[in-house]
Amino acid sequence: MNITENDIEKIIQQVLVNITSKPNENVKKDVTPEVKTEAVPLKKKYLGVFEKAEDAIEAASRAQKKLLKEFKIEDRERFINNIRKVTIANAEILAKMILEETGMGKYEDKVLKHKLVAEETPGTDILKTEAWSGDNGLTIVEMAPYGVIGAVTPSTNPTETAICNSIGMIAAGNSVVFNAHPGAKECVAYAVDMMNKAIVEAGGPENLITMVAEPTMESLNIIMKHPEIRLLCGTGGPGLVKTLLSSGKKAIGAGAGNPPVIVDDTADIKKAGKDIIEGCCFDNNLPCIAEKEVFVFENVADDLIYHMLQNKAYMLTKNQVDELVKIVLHENIEEKAVGCSLDRKRHYVINKKWVGKDAALYLKALGIEGKDDIQCLICEVDLDHPFVMTELMMPILPIVRVKDIDEAIAYAKKAEHGNRHSAHMHSKNVDNLTRFAREIETTIFVKNAKSFTGVGFGGEGFTTFTIAGPTGEGITSARTFTRQRRCVLAEGFSII
Ligand code: NAD
């Protein structure tokens, strides 16, 4: 069914009207949000957006050659500064566009994410030359561009990732061709146009940033195979990372997470309760680093839950949890012949219609009215519960009681599935903190704070929206998008 892009907003408005007009009604209604599934042409013509992938690549290639030939590093910095400026100026528009197009997340948090990306993504300053000098002269290693980079962006942080990638890639002297998530192509096209205009306004070349108007797997294939594309960078789920890594080209893969948070009995429980709810609910749990499941020592569990409830959380009953599982997850049974018998394995996948919605909408689906101040749904479950094991990206937070640190770490590792993405802990016990950080081996580990401090939001260090765990680049920046080139001058240029 074709639906207009405002439909999800209308559904939410309707929910709020119902909540205020019938506070005591406890009748369940089908409030399943609908999402776009069919390709709809872009609404307008944008600078840098091309019908054909080949044209997007060729334009980006011409622009990159021009960048290297006609402009200096200080010019790149000027272009990037203008991108920063227009991103801040357009933060509200971008946030609104994403919400309208994807129907996921929270407006105010998206505004903050755009400001963060504009202010805290490193530019050319992060590029450093290494030098060796001595009896044999001088050798330098410089951070050189790859050329044209093919980049894939997710639906959960669409323009934030496109802007973050563009700043880093251009700072390093590259140009970039995006194959955006089809469900977020309109807002990424707007961002590509906005950034191109900012570069041109600052005296730079057109089309340093390009994009395919109707991104598909076919257009991604063209990008992956094109000889002008020297590097691939993908931000998204495991399918994407696997596809890029099988391309035969160098690929930076930023894949899925399912970040656990451990709370032990030395933690500041009041702070932990507040931090966990705020981290989990930021942009309705869309960020890949957000707290997705809690493992709490049983002797402080009630206290933690109490403080979560003081911070706009709502405790679901067992029956409500069972019902919510059926709403937000699809159950698949995999059958495999083992000898003479049939092995049935049950696994769950998320119902994408429910990703990143406001907590009130899930409550409404459960027939619970008048709770529109609630930000997060919490529940007590066992380790193997699908809410623990599945990366929901919804403001639903499962809590598992554990007896000690051994059990907490073992459970957290199981829930994280070896993604080595992000993990968090609230504790004042240095041994426990160190042990968990060592054993979970994640790219990001946050201690005694909200998850988003791990990407420079209220925490030290620069930001990124591409956390490359599977391929190991980690917190990506302009440095990541460079190749190392050595230049040797023998018997000279050492002046000591
Ligand atoms: P997604 O994997 O559905 O889509 C991401 C992009 O990859 C889209 O452009 C999509 O069209 C494309 N894609 C999807 N499957 C593909 C395949 N098999 N081959 C090639 N391309 C494919 O992800 P999403 O729902 O938009 O984003 C959420 C996921 O991304 C979560 O798993 C989240 O953890 C992850 N994520 C990771 C990071 C990070 O930095 N590591 C950042 C944001 C999101």
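**Notebook: rings, a ligand and a few loops**

I began with Phe 457, which is partly exposed at 22% relative accessibility. My cut-offs: buried is under 20% relative accessible area, exposed is over 50%, and partly exposed is in between, with a 1.4 Å probe and protein chains only. A note for anyone joining me: this is a predicted model, where local features need pLDDT of at least 70, side-chain atom pairs count only at pLDDT 80 or more, and totals for chains, interfaces and linings use all residues. Residues are numbered from 1 along each chain as its sequence is written, and side-chain values use heavy atoms, leaving out hydrogens and water.

**Entry: aromatic rings**

I searched the whole structure for aromatic pairs and found eight. The rings of Phe 282 and Phe 457 have centres 5.5 Å apart and planes at 40 degrees, so I logged this pair as tilted. The two residues sit 175 residues apart in the chain: Phe 282 is in the loop between helix H10 (269-281) and strand S10 (293-297), and Phe 457 is in the loop between strand S17 (444-447) and strand S18 (467-468). I also looked at Phe 436 and Phe 445, an edge-to-face pair with 5.4 Å from centre to centre and 70 degrees between the planes. For the record, rings of Phe, Tyr and Trp (its six-membered ring) pair if their centres lie within 6.5 Å; planes under 30 degrees apart are stacked, over 60 edge-to-face, and the rest tilted. Helices (H or I, at least four residues) and strands (E, at least two) are DSSP runs, numbered from the N terminus.

Are Phe 436 and Phe 445 buried or exposed? I found both of them buried. Phe 282 is buried as well, at 10% relative accessible area. Ring pairs join Phe 282, Phe 452 and Phe 457 into a cluster.

**Entry: the ligand**

Next I turned to the ligand and counted 30 residues around it, the closest being Ser 155, Gly 237, Thr 243, Glu 391 and Ile 467. A residue is near a molecule if one of its heavy atoms lies within 4 Å of it. By class, I noted 13 nonpolar, 15 polar and two charged residues in the shell. Ala, Val, Leu, Ile, Met, Phe, Trp, Tyr, Cys and Pro count as nonpolar, Asp, Glu, Lys and Arg as charged, and the others, Gly among them, as polar.

Then I checked distances. A ligand oxygen is 2.7 Å from a polar backbone atom of Gly 237. A ligand nitrogen is 2.8 Å from an N or O atom in the side chain of Thr 243. A backbone N or O atom of Gly 255 is 2.8 Å from a ligand nitrogen. On its own the ligand has 840 Å² of accessible area, and the protein covers 87% of that.

Helix H8 (217-225) and helix H9 (238-245) are the elements that give two or more residues to the shell. The largest share, three residues, comes from H9.

Why does the ligand lie between domain 1 and domain 2? Domain 1 (49-255 + 475-489) and domain 2 (260-461) both give residues to the shell, so the ligand lies between them.

**Entry: two loop residues**

I looked up Met 393, which has a positive phi near 55 degrees without being a glycine. Met 393 is in the loop between helix H14 (386-389) and strand S15 (396-402), and is buried at 14% relative accessible area.

His 417, also not a glycine, has a positive phi of about 60 degrees. His 417 is in the loop between helix H15 (405-416) and strand S16 (422-426), and is partly exposed at 43%.

Note on methods
Polar contact = N/O pair within 3.5 Å; in protein donor to acceptor, adjacent residues only side chain to side chain. Areas by Shrake-Rupley, 256 points an atom, 1.4 Å probe, with all protein chains shown as cover. Domains from an automatic or database assignment.
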